[in-house]
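Try each task yourself before you read its solution.

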Amino acid sequence: MTRRERSIDGEWFEQLYREQGDPWGFETSPYEQAKYAETLAALPATRYGDALEVGCANGVLTALLAPRCDRLLAVDPSPTALAAARARCRDLPQVRLEERSLPAQAPAGTFDLILLSEVIYYWDGGDLARMAAYLRRALRSGGDLLLVHWTGDTDYPKSGDDAVTELRGLFGDAVVERRGDRHDRYRLDLWRRV
């Protein structure tokens, strides 16, 4: 399978959500439900003050994460996906949803938790480096960075394993690894900001 050379843009995601509604089965897949449970179980803190979820899609994981956060900013480049997320999270006042394409439209502020679930392999090397620079500024000292990524074959700019390895190298000694698990079809990595 030939990999894309450039980052996948927001319009690609918007078209998928317009055409398919829930293209990865976030709402219905037993695999996704088990992965979400493992994602939440991996979080070392019972509560976070400020959290950022990059690539929130239709908000399934957002709604599950919200009870653990005082404030949760969830972003996605697809207006269609965000409409579904807004409906799903309408009774969660701590959730703020914004249309953003990262790293170009990275939000201001700092966070105790940043969740990158199924997103970093969509970026090429340049965007991954820009995202790493942003994350170094945005993740508070002592804050947690949780990455969850598919390890199967794709045509994305990077594989899940390559993207995580590259991002880890870009962080250098700015983070310490707290957890690195391999599951059936995905990996979960937890890093803490020094």
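**Exercise 1. Overall form**

Work out how the radius of gyration of this predicted model agrees with that of a compact globule.

*Solution.* Start with the chain length, 194 residues: a compact globule of that length would have a radius of gyration near 16 Å. The chain has 15 Å, so the value agrees with a compact globule. Next, look at the extent: along its principal axes the C-alpha trace spans about 40 × 40 × 30 Å. Then turn to burial, where 53% of the 194 residues count as buried. Finally, consider contacts between residues at least 6 apart in sequence: 68% of them join residues at least 24 apart.

**Exercise 2. Order of helices and strands**

Find how many helices and strands the chain has, and what pattern they follow.

*Solution.* Counting gives six helices and seven strands.

**Exercise 3. The nonpolar cores**

Which residues of the largest nonpolar core touch the most other members, and which element gives the largest share?

*Solution.* This core has 32 residues, and those touching the most other members are Ile114, Leu116, Ile120, Leu135, Leu145 and Leu167. The largest share, six residues, belongs to α5.

For a close-up, pick Leu145. Setting aside neighbours within four places in sequence, Leu145 is in contact with Ile114, Leu116, Leu135, Leu139, Phe171, Asp189, Leu190 and Trp191. There is also a second, separate core of 31 residues, with Tyr48, Ala57, Leu61 and Ala81 among them.

**Exercise 4. The buried side of a helix**

Which residues of α4 (residues 79–88) are buried, and why do they lie on the same side of the helix?

*Solution.* The buried residues are Ala81, Leu82 and Ala85. They lie on the same side of α4 because they cover an arc of only 95° around the axis. As for partners, the buried residues of α4 pack against α1 (10–20), β2 and β3 (95–99).

**Exercise 5. A lysine in a loop**

Is Lys158 buried or exposed, and what does its side chain make a polar contact with?

*Solution.* First locate Lys158, in the loop between β5 and α6. Its relative accessible area is 12%, and buried means under 20%, so Lys158 is buried. The Lys158 side chain makes a polar contact of 2.9 Å with the side chain of Glu166. Beyond four places in sequence, Lys158 also touches other residues, including Arg3, Tyr121, Trp123 and Asp124.

**Exercise 6. Distances in sequence and space**

*Solution.* Ala37 sits in helix α2 (residues 30–42) and is partly exposed at 47% relative accessibility. Ala37 and Leu64 are 27 residues apart in sequence, with 8.9 Å from C-alpha to C-alpha.

Asp181 belongs to strand β6 (residues 175–183). Asp181 and Val194 are 13 residues apart in sequence, with 21 Å from C-alpha to C-alpha. To finish with the surroundings of Asp181, its side chain joins that of Arg179 through a polar contact of 2.4 Å. Not counting residues up to four places away, Asp181 touches Glu38, Tyr186, Arg187 and Leu188.

Definitions and conventions
Residues numbered from 1 in each chain as written. Predicted model: local features only at pLDDT ≥ 70, side-chain atom pairs only at ≥ 80, totals over all residues. Heavy atoms only, no water. Core = buried A, V, L, I, M, F, W, Y, C linked by side-chain atoms within 4.5 Å. Buried < 20%, exposed > 50% of the residue type's maximum accessible area, 1.4 Å probe, protein only. Helix = DSSP H or I, 4+ residues; strand = E, 2+ residues; numbered from the N terminus. Contact = heavy atoms within 4.5 Å. Arc of directions from axis to C-beta. Rg over C-alpha atoms; globule rule 2.2 N^0.38 Å. Polar contact = N/O pair within 3.5 Å; in protein donor to acceptor, adjacent residues only side chain to side chain.
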